[in-house]
Amino acid sequence: MTVPQDIRLKYLYFPSGEANHPSEEVLSVYRDHGVIPKSSRSDNFNKTPENVERYLLVRPGDLVVNRMKAWQGSLGVSDYRGIVSGDYEVLRPASDSISGRYMHYALRSRHMVGEYRVRSTGIRPSQWRLYWDQMSDIRVQLPPLAAQERITAYLDRETAQIDLLITEQQQLVEMLLERRQAVIEAETLRGISPLQVPPDSALPFAAVGYAFSVTLGKMLDAGKERRLDDTNLPYIRAANIQDTGFDLTDVKSMPYSPDEATRLDLRAQDILVVEGGAVGTSVVLTSDMPGWSFQKTVNRLRPMVDSDSRFYAYVMRAYRDIGVINTLGNQSTIAHFTAEKLRALRVPVPPAAEQRRIADYLDRETSRIDSLISESERLIELSRERRAALITAAVTGQIHALQED
């Protein structure tokens with residue numbers, strides 16, 4: 001077995017400042033995918049400037065590093081010719097003794113990403129940068145070229161199988177989410193469009209304000225003097241309201257007067273609905289929350305008649321998912337659904353007993369679907385862990401058969 005060389009990156013790559021190729025395709029670097037054409041990802045919303053003359057040329061085999069996100073593993077050896085932002089580092093191979101595919105695996109392995117994290121500079125993670133001066137001294141294990149090619153072939157086969165499993169589970173999650181949405185919509189709306197309710201509809205509709213009081217939370221008091229009788233209270237804001245319930249890992253507080261604390265309290269059966277941002281996302285309180293309040297990115301619905309808050313939370317989710325709230329909301333800048341619009345929103349009003357029956361059924365069905373989703377997401381996470389561990393083992397010589405000549 002040949003012992004791999006322990007060699008510094010500065011002997012394998014050198015910075016390339018080649019620019020002024022504006023006609024080339026723009027590339028991007030992703031933690032999960034490496035270097036790919038920017039146009040191949042529909043979720044890339046970063047706008048390319050009109051003048052790209054200062055963008056750096058990338059040739060196949062070049063190592064491209066996102067300086068700002070290298071500590072997360074955002075780098076890779078490119079299979080493409082194109083250009084990238086000057087904020088990236090483009091490194092050209094300095095040796096013909098390296099396989100691009102091997103280096104792609106090796107430099108994105110878990111232990112190498114740990115090196116990038118340690119060597120990045122900046123006050124906080126959002127400001128961390130990895131520059132070539134710090135990166136170039138990192139050592140990488142480099143076996144002979146024949147061993148590099150064996151390791152690459154092995155990892156290509158093994159990771160392809162893992163990636164296929166991950167893709168299948170991701171597709172299953174998407175299918176389950178669609179099934180969840182369809183079940184909620186079918187049970188709450190019974191095929192009726194809320195925007196075009198027929199006059200002879202067997203399912204009656206009425207404004208939200210008929211069954212609920214609607215109250216917008218308190219505006220932030222930033223910069224205002226604290227009053228003598230104010231009490232500092234934790235409050236619910238839009239970020240705390242998720243489809244899965246409350247996320248209270250990051251809770252903020254601010255002063256409330258006695259009147260505000262009383263008027264903006266939280267009780268069992270209240271529905272909290274996101275007013276700005278992910279509008280329409282809602283949570284039903286299952287118990288009182290004494291000493292808590294809510295902020296102006298949230299509307300509180302409090303039942304005034306015999307009704308089931310769970311049913312109307314499902315209605316709000318259906319309205320959000322089928323686009324009703326976006327259609328009626330304020331889309332001028334950030335999406336908003338004001339208290340006035342929420343109060344006037346027409347919703348189905350079946351008898352209270354029917355609301356409870358539907359809510360009970362949806363609780364059971366969505367719980368079952370959510371369990372399946374959780375299982376798939378857990379399998380995806382385990383598969384990703386397995387993939388990362390396999391790559392690290394292969395490129396650090398732990399799989400000895402791959403090193404043998």
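**Exercise 1. Is G76 buried or exposed, and what is its relative accessible area?**

*Solution.* Before we start, a word on the model: it is predicted, local features need pLDDT of at least 70, side-chain atom pairs count only at pLDDT 80 or more, and totals for chains, interfaces and linings use all residues. Residues are numbered from 1 along each chain as its sequence is written, and side-chain values use heavy atoms, with hydrogens and water left out.

Step 1: find the residue. G76 lies in strand β7, residues 75–77. Strands (E, at least two residues) and helices (H or I, at least four) are DSSP runs, numbered from the N terminus.

Step 2: read the accessibility. G76 has a relative accessible area of 1% and is buried. Buried means under 20% relative accessible area, exposed over 50%, and partly exposed in between, with a 1.4 Å probe and protein chains only.

Step 3: list the neighbours. Leaving out residues up to four places away in sequence, G76 touches V29, V35, D62, L63, V64, H104 and R108. A contact here means heavy atoms within 4.5 Å.

Step 4: G76 and P199 are 60 Å apart in space, C-alpha to C-alpha, and 123 residues apart in sequence.

**Exercise 2. Describe how enclosed helix α1 is.**

*Solution.* Step 1: select residues 100–107, the span of α1.

Step 1: pick out the buried residues, which are Y102, M103, H104, Y105, A106 and L107.

Step 2: conclude. Six of the eight residues are buried, so α1 is largely enclosed by the rest of the structure. H104 also links back to the previous exercise, as G76 touches H104.

**Exercise 3. Work out the order and pairing of the sheet that contains β13.**

*Solution.* Step 1: set the rule. Two strands pair if DSSP finds at least two bridges between them.

Step 1: take β13 (residues 231–236) with β19; these strands run parallel and are joined by two bridges. Y235 has S293 of β19 as its bridge partner.

Step 2: take β13 with β16; this pair is antiparallel, with five bridges. Here P234 has S253 of β16 as its bridge partner.

Step 3: assemble. The three strands form an open sheet in the order β16-β13-β19, with mixed pairing. Its edge strands, β16 (252–256) and β19 (293–294), each pair on one side only.

Step 4: follow the chain out of β16. S257 sits in the loop between β16 and α6 (258–263). At 11% relative accessibility S257 counts as buried, and its contacts beyond four places in sequence are R227 and D230.

**Exercise 4. Which way do the residues of β17 point, and which strands pair with β17?**

*Solution.* Step 1: sort the side chains of β17 (residues 271–274). I271 and V273 point one way, L272 and V274 point the other way, and all are buried.

Step 1: find one partner. β18 (residues 282–284) runs antiparallel to β17, joined by three bridges, and L272 stands opposite V283.

Step 2: find another. β20 (residues 298–303) also runs antiparallel to β17, here with four bridges; V273 has N299 of β20 as its bridge partner.

**Exercise 5. Characterise the chain as a whole.**

*Solution.* Step 1: count the elements; the chain has ten helices and 21 strands.

Step 1: judge the spread. The radius of gyration, taken over C-alpha atoms, is compared with a globule rule of 2.2 Å times the number of residues to the power 0.38. The value is 28 Å, well over the 22 Å that the rule gives for 405 residues, so the chain is more spread out than a compact globule. Along its principal axes the C-alpha trace spans about 80 × 50 × 40 Å.

Step 2: check contact range. Among contacts with a separation of 6 or more, 76% join residues 24 or more positions apart.
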